[in-house]
Amino acid sequence: MALTISARRPVDRAEEILTPEALAFIEQLHQRFAATRADLLKARAVKRDEVARTGRLDFLPETQDIREGDWTVAPAPTALQDRRVEMTGPAAPAKMAINALNSGAKVWLADLEDASTPTWSNVVESILNLRDAAAGTLAYTSPEGKEYTLRTDAPLAVVVARPRGWHMAERHLLIDGEHTVGALVDFGLHFFHTARQLLKNGQGPYYYLPKMESHLEARLWNEVFVFAQDYLGIPQGTIRATVLIETIPAAFEMDEILYELRDHASGLNAGRWDYLFSIIKYFRDAGSRFVLPDRATVAMTAPFMRAYTELLVKTCHHRGAFAMGGMAAVIPNRREPEVTAQAFEKVRADKTREANDGFDGSWVAHPDLVPVCRDVFDAVLGERPNQLDRQRPEVSVTADQLLDVASARGTVTEAGMRLNLYVAVAYTAVWISGNGAVAIHNLMEDAATAEISRSQVWQQIRNNSVLADTGRTVTRELVSGILAEETEKLRGEVGEEAFVKHYLPASKLIGDICLSQDYTDFLTTPAYELVG
């Protein structure tokens with residue numbers, strides 16, 4: 001097999017990561033697992049076609065014995081026993097990585113996925129930062145001379161890295177002229193360069209696994225883990241993975257996903273924003289009963305979202321796995337005390353609901369929110385590291401409840417559509433400029449919210465939705481006009497150079513995929529082609 005790097009610009013210190021030994025490991029991963037991954041992506045399309053015909057998903061009859069079986073996942077290692085507050089954010093640049101590690105959170109989700117644009121420099125720098133963090137040498141000096149170093153007065157957050165989902169290719173690293181698999185590149189480089197050091201540190205190579213749609217995709221990850229541990233000669237079960245349940249088909253296979261990963265599993269996470277995106281994607285042509293109201297009005301208290309989170313907690317604790325809460329997107333603004341106070345209040349309410357429901361911890365997107373989340377879980381957990389003992393036997397969730405999208409209260413409005421188009425363009429513009437985590441109107445946005453935004457617009461066109469605030473019917477012509485207006489609004493908010501370079505291409509892309517007869521499965525796939 002011939003491996004080549006197609007990146008046009010050199011990346012500083014890349015030779016420390018792209019060693020012959022590391023690249024040989026990536027080749028082995030690709031050779032052994034890329035074909036199965038391709039088959040599983042084809043299986044996604046087959047299942048989606050079936051849903052399009054039937055308008056239905058259900059629990060799998062062929063795996064009923066697993067759901068009814070008496071089994072648990074492997075006990076959590078000491079480093080992952082207490083996960084009451086988890087900080088999320090990209091692993092590059094180094095300044096953000098250091099701030100996350102120093103944040104006081106129990107865990108840092110080091111994100112190479114939705115909060116990171118996969119430029120080659122971002123991929124390589126992320127692995128460099130995570131390797132240096134494991135070694136305790138990560139440091140950064142700003143152009144102004146400010147120094148950032150890892151704290152020594154308190155524990156650093158435990159790193160749980162999130163590689164890309166199975167669907168993403170890595171176009172900068174080619175094998176026999178073909179793109180490699182982004183997930184295998186991210187995992188492979190991180191595992192190869194950090195696993196042994198993390199073991200010396202009393203931790204291990206821990207991962208968040210995104211975007212899965214079936215237990216067979218979890219089985220593939222388990223096979224990757226078994227091979228990788230043998231390859232480096234470290235004990236089986238060293239790797240631990242938390243799976244994001246952020247697709248609607250995965251919600252019907254929670255037990256099965258944990259079962260496939262049972263020697264390596266540590267929990268499930270309620271990835272709420274991608275979950276909503278997945279519902280739209282799966283049922284986009286199933287009629288008006290699957291049209292969600294404005295994105296901002298879909299609360300976690302909606303019955304179909306309650307069914308999803310209650311089932312997740314029950315499933316996890318029944319299997320000895322941790323149930324991790326989702327992201328509260330609001331962030332504080334240190335220059336605006338009123339905004340900060342509102343953010344604290346919203347996050348406290350969100351985390352209180354999760355802690356009282358039985359979640360073992362939850363996510364925040366800003367260091368200032370770590371104490372808020374920690375205080376809420378401290379009040380519920382006390383001296384306990386988690387609440388695995390809370391089994392939730394009273395919870396019983398049906399397929400109908402998971403699919404009861406119509407139970408979400410709210411309406412489709414022009415104001416909501418304008419916001420969707422604004423956010424989709426603004427986020428995509430920043431994403432193709434190389435930054436995957438973006439603050440927009442005091443909300444921390446990543447790819448998931450852009451995916452919901454553009455998908456809602458596509459679905460509203462498909463269903464001829466009537467806008468409650470204006471009475472207008474959603475048509476391609478209406479959307480095209482509003483998109484032009486929102487794009488022009490952005491022109492007045494950013495510099496002309498950035499507008500021409502990033503915002504105009506982003507607007508064209510959003511227009512193309514919203515107005516197309518065919519649905520684009522992932523916004524980031526065509527956007528990747530616009531990345532320098």
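This is a predicted model: local features need pLDDT of at least 70, side-chain atom pairs count only at pLDDT 80 or more; totals for chains, interfaces and linings use all residues.

Residues are numbered from 1 along each chain as its sequence is written, and side-chain values use heavy atoms, with hydrogens and water left out.

Select Phe-187 and Trp-221, an edge-to-face aromatic pair with 5.9 Å between centres and 80° between planes, from a structure that holds 22 aromatic pairs. Rings of Phe, Tyr and Trp (its six-membered ring) pair if their centres lie within 6.5 Å, and planes over 60 degrees apart count as edge-to-face, under 30 as stacked and the rest as tilted. Phe-187 belongs to helix H6 (residues 182–200) and Trp-221 to helix H7 (residues 215–232), 34 residues apart; helices are DSSP runs of H or I with at least four residues, strands runs of E with at least two, numbered from the N terminus. Phe-187 is buried at 0% relative accessibility, where buried means under 20% relative accessible area, exposed over 50% and partly exposed in between (1.4 Å probe, protein chains only).

Move on to Tyr-208 and Trp-363, edge-to-face at 5.5 Å centre to centre and 85° between the planes. Tyr-208 is in strand E9 and Trp-363 in strand E13, so this pair ties together parts 155 residues apart in sequence.

Finally, select Lys-281, which lies over the face of Phe-522 at 3.6 Å from the ring centre; a charge sits over a ring if NZ of Lys or CZ of Arg is within 6 Å of the ring centre and within 35 degrees of the ring normal.
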